[in-house]
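The sequence and the structure are shown first.

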Amino acid sequence: MTTTTTRRYFGTDGIRGIAGEMPMSAHFAFEVGMATAEVLRDLRDRALGSDDTLRCVIGRDTRHSGTLLSHAVSAGLAARGAEVHDVGVMPTPGVAYLTRALGADVGVVISASHNPFDHNGIKLFSRSGEKLGDGLELEIEARLGALNDLPPRTGRDLGTVSRYDRQQQTYPAFLLEHAPDLSGLEIGIDCANGANYELAPAIFGQTGATVSVINAAPDGFNINTDCGSTHPDAIRDHVLAHDLDLGLSFDGDADRVLFVDRYGRLVNGDHMLAICALDRGETTVVSTVMSNLGVENYLADRGVTLLRSKVGDRYVFELLRANGLTLGGEPSGHLLFLDLAPTGDGMLSALRVLAAVRASQKPLEDWVDEIPLYPQILLNVPVAPGAKARVAEHDEVLAALGRAETDLAGRGRVNVRPSGTEALVRVMVEAEDEALTEQTARAIAAVIRRVA
């Protein structure tokens with residue numbers, strides 16, 4: 001498997017950066033569109049022997065820069081002969097679903113997920129709705145350096161960009177197929193002023209639940225601002241203020257979700273994975289190295305093995321596929337149900353968790369009481385943008401990591417890794433003893449700061 005350190009632009013979740021700067025300038029986005037069209041046309045022609053027009057689906061979240069970058073990528077795709085269908089503001093999993101449903105060759109999402117509004121990104125999906133693999137991303141990067149060698153396309157060889165308006169008849173129907181009857185529940189929803197600000201209230205309003213919505217008035221600048229899954233205190237305060245049964249908090253592109261229970265306690269992806277695993281009768285599930293040891297032990301006591309991947313839903317996906325499994329996720333609330341959808345989907349995840357809770361005949365707060373989470377601390381240490389991998393693998397950092405593992409001696413775990421999307425080295429420590437957890441994490445972070 002190709003590692004992210006060998007790629008110049010693509011991280012674990014596409015290309016990201018500050019909009020207007022490299023690699024999120026309009027000019028570069030145009031070139032990414034061109035390179036993507038060339039690589040995927042070559043791939044399709046080799047596999048299918050077809051020279052039909054390349055078909056693309058593109059959507060975006062609600063960021064101020066979204067239309068600029070969406071138009072730039074679309075223009076690049078069309079400049080190399082592609083037929084582009086623009087679905088406008090659409091959750092990331094909705095674009096992935098439509099890509100597969102329409103038989104398109106590629107899906108493109110302009111979004112930086114949970115990042116602030118001034119960031120943006122480009123995510124690419126295959127014709128099956130799965131995130132594009134490392135190998136194809138590397139091919140696109142290589143093609144970026146050879147665009148000047150391409151022969152010009154003119155006349156009928158140029159592509160087109162058109163608005164696709166029928167998405168509201170397909171993706172919502174898919175979600176409602178998997179929605180339980182939630183009659184009697186009072187649910188709060190935080191849309192993060194993001195891509196599902198219209199769709200989430202509509203979908204959950206059709207489940208029979210009484211729905212109360214916050215942060216569903218995007219202005220281009222308020223996506224993820226003090227709201228959404230990176231700020232779950234917003235939905236917690238709303239649930240407590242209005243005496244609701246539970247709350248849902250999505251991120252800006254709606255591919256992940258977190259819950260709070262009626263008491264305002266956070267219900268993260270580990271809880272959600274455990275609830276769904278038991279409801280579905282799974283014997284093996286996948287999470288990442290960040291998944292809580294308490295949840296792993298809880299599942300093990302009930303006959304469920306938890307396998308761990310690197311951080312990033314693409315790696316959860318790869319481990320699921322390699323083992324013929326269907327259920328996986330991350331503590332961040334990014335769940336994968338590969339028997340239902342090819343990529344993570346916050347609304348689908350919320351519906352399936354609620355279906356499992358309903359089937360269990362016990363409320364969400366009882367699950368929170370039952371599933372243990374060991375004390376965990378996550379520290380993000382800023383480093384120079386190009387130095388995060390080097391710092392994480394520095395001899396002094398590895399020595400500090402070894403000392404920590406010796407000190408924990410089976411009472412907990414530690415993980416140090418470079419962020420896949422930001423100039424950070426992340427330190428995670430968890431143990432049954434809270435004081436030991438914090439002491440160990442801060443000691444490792446201090447070493448990272450020194451060598452950085």
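In this predicted model, F174 has a relative accessibility of 5% and therefore counts as buried, the limit being under 20%. Y171 is likewise buried, at a relative accessible area of 0%.

| Pair | Centre to centre | Angle between planes | Class |
|---|---|---|---|
| Y97 and Y171 | 5.9 Å | 45° | tilted |
| Y97 and F174 | 4.7 Å | 25° | stacked |

Because Y97 lies in helix 3 (residues 92-101) and Y171 in helix 5 (residues 171-177), their pair ties together parts that are 74 residues apart in sequence. The pair of Y97 in helix 3 and F174 in helix 5 also links distant parts of the chain, the separation being 77 residues.

Rings also meet charged side chains: K310 lies over the face of Y315, at 4.3 Å from the ring centre, and the charged end of K362 sits over the ring of W367, 4.0 Å from its centre.

Elsewhere, three strands form an open sheet with antiparallel pairing in the order 17-19-18. Strand 17 (376-382) and strand 18 (412-418) each have a single partner strand and stand at the edges, so one side of each is left without a neighbour in the sheet. On average, neighbouring strands are turned by 10° against each other, direction ignored. Strand 18 pairs with strand 19 (residues 424-431) in the antiparallel sense over seven bridges, and G412 stands opposite A431 in strand 19. Helix 14 (residues 395-408) packs on this sheet, where it touches strand 18 and strand 19, and its direction makes about 165° with that of strand 18.

Notes. Residues are numbered from 1 along each chain as its sequence is written. This is a predicted model: local features need pLDDT of at least 70, side-chain atom pairs count only at pLDDT 80 or more; totals for chains, interfaces and linings use all residues. Side-chain values use heavy atoms; hydrogens and water are left out. Two strands pair if DSSP finds at least two bridges between them. Helices (H or I, at least four residues) and strands (E, at least two) are DSSP runs, numbered from the N terminus. Axes are lines fitted to C-alpha atoms, for helices over the stretch in contact, and angles run from 0 to 180 degrees between N-to-C directions. Contact means heavy atoms within 4.5 Å. Rings of Phe, Tyr and Trp (its six-membered ring) pair if their centres lie within 6.5 Å; planes under 30 degrees apart count as stacked, over 60 as edge-to-face and the rest as tilted. Buried means under 20% relative accessible area, exposed over 50%, partly exposed in between (1.4 Å probe, protein chains only). A charge sits over a ring if NZ of Lys or CZ of Arg is within 6 Å of the ring centre and within 35 degrees of the ring normal.
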